[in-house]
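Trainee: I would like to go through this model one feature at a time. Please give me the general idea of each, then the case at hand.

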Amino acid sequence: ANCSTCRRTRSVPEAAEGWTLVLASGNQGKLGELRAMLEPHGWAVRAQSEWRLEEAVEDGLSFIENALIKARHASRATGLPALGDDSGLVVEALDGQPGIRSARYAGAGASDAANNRKLLQALAGFPSDRREACFYCAMALVRHAEDPAPLLATGSWRGRILEKPLGDGGFGYDPLFWVAEEGRTSAQLSPERKNRLSHRGQALRCLLAAIG
């Protein structure tokens, strides 16, 4: 089952020509997905890498906290509204790991392949019914760095971790994430279909609905 939540803490004007939004992420996969979903709504989307920003120190204890940290960091450096995204894989049998450390599960700067290998090692010997997992996404939109009422949205996408990767699309843990309703992994879905189903797509649609 999929679910999403959104906190509409204030009114946000609809995107208009000239309103630029900074995406507070250095992950090229995330940037591509978010741009594909935001630009059709009239947003001028820029990546924080254009300012050569160092990555924010993600020292929060939850996805929501880290999304806010990223958004405020990008807004503070650019003077523009910013969208922070923090997402990852939560595996029930591993007590929620890799969780907020999903991108660095195998160590700082780890590749997707290394993270996937570590996950498979951690789940070695686990039967199919104990390999349930969900992708979770938290988004935070701030109009300025000190915004006291950020717009927050979350989404989750349930699936199961396979014993070997399938598919070459997407990024991160997509090749291991089996989507039973689709009969394939997230990495085997078209980008459009993935954006429709995914945790990130859910959270962003929720956020856009609140903005509108």
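Mentor: Keep in mind that this is a predicted model.

Trainee: Is Y136 buried or partly exposed?

Mentor: Y136 counts as partly exposed because its relative accessibility is 25%, and the cut-off for buried is under 20%.

Trainee: How many aromatic pairs does a search of the whole structure find?

Mentor: The search gives four aromatic pairs. F63 and Y136 make up one of them, a tilted pair with 5.1 Å centre to centre and 40° between the planes.

Trainee: Which parts does the pair of F63 and Y136 tie together?

Mentor: F63 belongs to helix α2 (residues 63–78) and Y136 to strand β5 (residues 132–142), so the pair links parts that are 73 residues apart in sequence.

Trainee: Why is the pair of F135 and W157 tilted?

Mentor: The angle decides. Planes under 30 degrees apart would count as stacked and over 60 as edge-to-face. The planes of F135 and W157 stand at 35°, with ring centres 6.2 Å apart, so this pair is tilted. F135 is in strand β5 and W157 in strand β6 (residues 151–161), so the pair ties together parts 22 residues apart in sequence.

Trainee: Are F135 and W157 buried or exposed?

Mentor: Both are buried. Together with F177, F135 and W157 form one aromatic cluster.

Trainee: Rings can also face a charge. Which residue lies over the face of Y105?

Mentor: That is K118, at 4.6 Å from the ring centre of Y105.

Trainee: Next, cysteines. How many disulfides does a search of the whole structure find?

Mentor: A disulfide is a covalent bond between the sulfur atoms of two cysteines. The search of the whole structure finds zero. For a disulfide, the sulfur atoms must be within 2.5 Å. The closest cysteine sulfur to that of C137 is in C206, 11 Å away, which is too far for a bond.

Trainee: Are C137 and C206 buried or exposed?

Mentor: C137 counts as buried because its relative accessibility is 0%. C206 also counts as buried, at 18%.

Trainee: Last, a charged residue. Where does R200 lie, and is R200 buried or exposed?

Mentor: R200 sits in helix α5 (residues 199–211). With 3% relative accessibility, R200 counts as buried.

Trainee: Which residues does R200 touch?

Mentor: Leaving out residues up to four places away in sequence, R200 touches K30, E33, L34, M37, D85, S87, C137, M139 and F171. One of these, C137, is the buried cysteine discussed above.

Terms used. Residues are numbered from 1 along each chain as its sequence is written. This is a predicted model: local features need pLDDT of at least 70, side-chain atom pairs count only at pLDDT 80 or more; totals for chains, interfaces and linings use all residues. Side-chain values use heavy atoms; hydrogens and water are left out. Helices (H or I, at least four residues) and strands (E, at least two) are DSSP runs, numbered from the N terminus. Buried means under 20% relative accessible area, exposed over 50%, partly exposed in between (1.4 Å probe, protein chains only). Contact means heavy atoms within 4.5 Å. Rings of Phe, Tyr and Trp (its six-membered ring) pair if their centres lie within 6.5 Å; planes under 30 degrees apart count as stacked, over 60 as edge-to-face and the rest as tilted. A charge sits over a ring if NZ of Lys or CZ of Arg is within 6 Å of the ring centre and within 35 degrees of the ring normal.
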